[in-house]
Amino acid sequence: MSAEARTNQHYDQDPRVFELYLDRTRKYSAGIYRTDEDTLDQAQQNKMHYVADRLGLEPGKRLLDIGCGWGSLILFMAAEYDARTVGISPAPNQHTYIAERAAAAGLTDRVSTLVGEFEEHQPEPRSFDAVSMLGSIVHMPDLDGVFRKAYAALKPRGRMYVSESCYRNAAKRAEFAERENSVFVRDSIFGWGDMRPLSDLVRGAENAGFTVVAVDDLTQDYWRTIEDWLANVERNADRLNAIEPGLSDQLSRYLKTANAGWGFTTKHYALTLQKSR
């Protein structure tokens, strides 16, 4: 079984699980909180506008979202920016959900998905204006290969947005990667993952030919996002445990472990990359 397929033990769970602890769009990555009053839902809307700005999305542009999850980003970009979007994910439940949402919103002409791992697909060279990866490269073993393939798929001057949780540096990775709670999150929640330091991501991007346009630190926003997810888990514990006994405790342990490390062990960064020509 491949690394990406093993992650389906989490991502392809009963869809009701994600409705009960994420926001209404099931967006499974950091939001951006503009004010103290911003809700989780507002923060996720803020984040998707921010990604669109980083990518320079405009009507008619083509976006490839690698590891599209429940489709929040591709549905949003199609509806709000009139972009033509393609999502890739190995989790079958997600594709059914995205197709239903696209049909309900009248977006079937602008939203499509490909089932499987990114490594299985070969996008037509120079066919996309933008590529995004929000929290998915951590589940892909071949970092260099992913960046090279994304680079090839982009048109000249096209942009790539990558956001990922990272160990604060290589020394922290060596110190914490095999600790009990780290192993629990990696193996028992996600099935497989390789959280790297930022320097590994930058090196992979530069080796593929990208120019690094911007690096943004979203650590505090991810901390607040997870606090909101934790509140949802607590609020919906009975309903989560009815789907799978003990699920609320498992999710709480995972989320508390993630939030305990921010700033000391881990960081969350967003990279904006550009294909020069």
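Q: Quick one to start: is D82 buried, partly exposed or exposed?
A: D82 counts as partly exposed, because its relative accessibility is 36%. Keep in mind that this is a predicted model.

Q: Okay, and where does D82 sit?
A: D82 is in a loop, the one between α5 (72-81) and β2 (84-89).

Q: What does T25 touch?
A: Leaving out residues up to four places away in sequence, T25 touches Q45, W70 and S72.

Q: Which side chain makes a polar contact with the side chain of T25?
A: That's D23: a polar contact of 2.7 Å joins the side chains of T25 and D23.

Q: How far is T25 from N259?
A: Their C-alpha atoms are separated by 22 Å, and along the chain T25 and N259 are 234 residues apart.

Q: New topic: L40. Where is L40 found?
A: L40 is found in helix α4. With 10% relative accessibility, L40 counts as buried.

Q: So which residues does L40 touch?
A: Not counting residues up to four places away in sequence, L40 touches L22, D23, Y33, T225, D228, W229 and N232.

Q: Let's talk helices. At what angle do α11 and α13 pack?
A: α11 and helix α13 (residues 247-261) pack at about 165°, and their axes are 10 Å apart. That makes α11 roughly antiparallel to α13, because an angle over 145 degrees counts that way.

Q: Is their crossing left-handed or right-handed?
A: α11 passes α13 in a left-handed crossing.

Q: Which residues meet where α11 and α13 pack?
A: On the α11 side there are Y222, W223, I226, E227, W229, L230 and V233. On the α13 side they meet S248, L251, S252, L255, K256, A258 and N259. W229 is also one of the residues that L40 touches.

Q: What about α7 and α10, how do their axes cross?
A: The axes of helix α7 (residues 143-153) and helix α10 (residues 198-208) come within 8 Å and cross at roughly 45°. α7 and α10 are therefore oblique to each other. α7 passes α10 in a right-handed crossing.

Q: And which residues meet there?
A: L143, D144, F147, R148 and Y151 in α7 meet D200, L201, G204, A205 and A208 in α10.

Q: Where's N236?
A: N236 has its place in the loop between α11 (219-235) and α12 (237-243). N236 counts as buried, at 13% relative accessibility.

Q: What lies 2.7 Å from a polar atom of the side chain of N236?
A: The backbone oxygen of L20 does.

Q: How many disulfides are there?
A: The count comes to zero disulfides.

Q: What about cysteines C68 and C166, buried or exposed?
A: C68 is buried, with a relative accessible area of 6%. C166 is buried as well, with a relative accessible area of 1%.

Q: Last one: how far apart are S188 and Q250?
A: S188 and Q250 are 62 residues apart in sequence and 9.1 Å apart in space, C-alpha to C-alpha. S188 is found in helix α9 (residues 180-189), and at 39% relative accessibility S188 counts as partly exposed.

Conventions
Residues numbered from 1 in each chain as written. Predicted model: local features only at pLDDT ≥ 70, side-chain atom pairs only at ≥ 80, totals over all residues. Heavy atoms only, no water. Helix = DSSP H or I, 4+ residues; strand = E, 2+ residues; numbered from the N terminus. Buried < 20%, exposed > 50% of the residue type's maximum accessible area, 1.4 Å probe, protein only. Polar contact = N/O pair within 3.5 Å; in protein donor to acceptor, adjacent residues only side chain to side chain. Disulfide = S-S within 2.5 Å. Axes fitted to C-alpha atoms, helices over the stretch in contact; angles between N-to-C directions. Parallel < 35°, antiparallel > 145°, perpendicular 65-115°, else oblique. Left-handed = near helix turned anticlockwise from the far one by under 90°. Contact = heavy atoms within 4.5 Å.
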